[in-house]
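Hi there,

Here is the structure I promised to pass on to you. Please have a look at the model first, and then read my notes below.

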Amino acid sequence: MAAVSCCFFKLSHSGRLNPSRPSFSCSASQPSQNNIKVIINGAAKEIGRAAVVAVTKARGMELAGAVDNHFLGEDIGLLCDMEEPLEIPVVSDLTMVLGSISQGKEVGVVIDFTDPSTVYENVKQATAFGMKSVVYVPRIKPETVSALSALCDKATMGCLVAPTLSIGSILLQQAVIMASFHYNNVEIVESRPNATDLPSPEATQIANNISNLGQIYNREDSSTDVQARGQVIGEDGVRVHSMVLPGLPSSTQVYFSSPGDVTIITVIYLKTKLKIMFSNTTCWTQVYTVKHDIVDVRSLMPGLLLAIRKVVRLKVTRKHARILHQLMFLLTI
């Protein structure tokens, strides 16, 4: 059995990946010869339907259940416009599906696309039946993540809470971390179609990623009593400005600057569209552009399948932090 160290990696000044908090370790066991039994909770949602198709087509996986409170009794395959029915009806009882899968010896994973108010009980039920969970629930609260961590610690069971399933978005955030070592000033400006949960999880995640790196930003304007200067996230002076602009696509911009040198990282979400642009104003011939577009939830499926394959191999061996809250970790092992 091969052992690996599992933690959230941040880039050092030298450009190498180093663990920021080596708070836990896990071991990677040999993959099972049987298919991974996958239960999708929230299967009738748009992302749930995409997951049904992806899991059905994925090698080494098998859809074992579809849970939702809508379209009860309908065949999930037909609901997802697949050519043939899967003979798996949509049901509302997660416990019943978990019980039927746990009778066998196959490895089981529950994918949770529900909502922040129910995710804890869902993971608790899955853990009781010996199944690991992959949670992708936007706007999940930090206290819920902490509660899940305590639950998984007590049960000695791994769980992955993914802020994003987009591999391209993770690479984008790595680019932000890399740029943060070279600039002393940073501002995050975002626009959203409504005023729900501002600053957004995306902006907060970016601010957290570039904090605690030994860099203090915006030293020349450290005053925080002027509201127009935005909200400071963390202790390193990263400011976030949130605008509510109905009718426009959600977008996030990260501005880095030093005298005579400006870098702009632009993230635009259509159903999501992301674009990063680095421009150096001191050298007019140097423009570095990275563009990443997401126009459909199906583009999140490679990240989901990666999360499923990784979480089934996690076997916690230490008594701390049994939960992974960064999909970025998956790209580093």
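**Salt bridges**

Arg192 and Glu190 are both buried, where buried means under 20% relative accessible area, exposed means over 50%, and partly exposed lies in between (1.4 Å probe, protein chains only). These two residues also form a salt bridge, with their closest N and O atoms 3.3 Å apart. By salt bridge I mean a side-chain nitrogen of Lys or Arg within 4 Å of a carboxyl oxygen of Asp or Glu.

Before going further, a word on the source: this is a predicted model, so local features need pLDDT of at least 70 and side-chain atom pairs count only at pLDDT 80 or more, while totals for chains, interfaces and linings use all residues. Residues are numbered from 1 along each chain as its sequence is written, and side-chain values use heavy atoms, with hydrogens and water left out.

Back to the charged pairs. Side chains of opposite charge can pair when their charged atoms come close. By the rule above, the count comes to 3 salt bridges.

Lys37 and Glu62 make one of them, with 2.8 Å between the closest N and O atoms. Lys37 sits in strand S5 (residues 36-41) and Glu62 in strand S6 (residues 61-67), so this pair ties together parts that are 25 residues apart in sequence. Helices and strands here are DSSP runs numbered from the N terminus (H or I, at least four residues, for helices; E, at least two, for strands). Lys37 counts as buried at 14% relative accessibility, whereas Glu62 is partly exposed at 32%.

Arg229 and Glu187 also meet through their side chains in a salt bridge (2.9 Å, N to O). Arg229 is in the loop between helix H7 (201-209) and strand S12 (231-233), while Glu187 belongs to strand S11 (residues 185-192), so the pair ties together parts that are 42 residues apart in sequence. Here Arg229 is partly exposed, at 21% relative accessibility, and Glu187 is buried, at 15%.

**Where H1 meets H8**

Two packed helices are described by the angle between their axes and the distance between the axes. For helix H1 (residues 46-57) and helix H8 (residues 301-311), the axes come within 10 Å and cross at roughly 65°. Axes are lines fitted to C-alpha atoms, for helices over the stretch in contact, and angles run from 0 to 180 degrees between N-to-C directions.

Which residues in H1 meet H8? On the H1 side they are Ile47, Ala50, Ala51, Ala54 and Val55, and they meet Met301, Leu304, Leu305 and Ile308 in H8. Contact means heavy atoms within 4.5 Å. By class, this contact has 9 nonpolar, no polar and no charged residues. Ala, Val, Leu, Ile, Met, Phe, Trp, Tyr, Cys and Pro count as nonpolar, Asp, Glu, Lys and Arg as charged, and the others, Gly among them, as polar.

**A few single residues**

Ile111 is in strand S8 (residues 108-112) and is buried, at 1% relative accessibility. Leaving aside neighbours within four places in sequence, Ile111 is in contact with Val38, Ile39, Ile40, Asn41, Val134, Leu304 and Ile308.

Two residues other than glycine have a positive phi. For Phe71, phi is near 55°; this residue lies in the loop between S6 and helix H2 (76-79) and is partly exposed, at 38% relative accessibility. For Asn212, phi is near 60°; Asn212 is in the loop between H7 and S12 and is exposed, at 61%.

**The chain as a whole**

The protein chain has 8 helices and 19 strands. Of its 333 residues, 48% count as buried. Among contacts with a separation of 6 or more, residues 24 or more positions apart account for 64%. The chain exposes about 16,700 Å², and carbon and sulfur atoms supply 53% of that, with areas from the Shrake-Rupley method (1.4 Å probe; for residues, only the protein chains shown count as cover).

Best wishes
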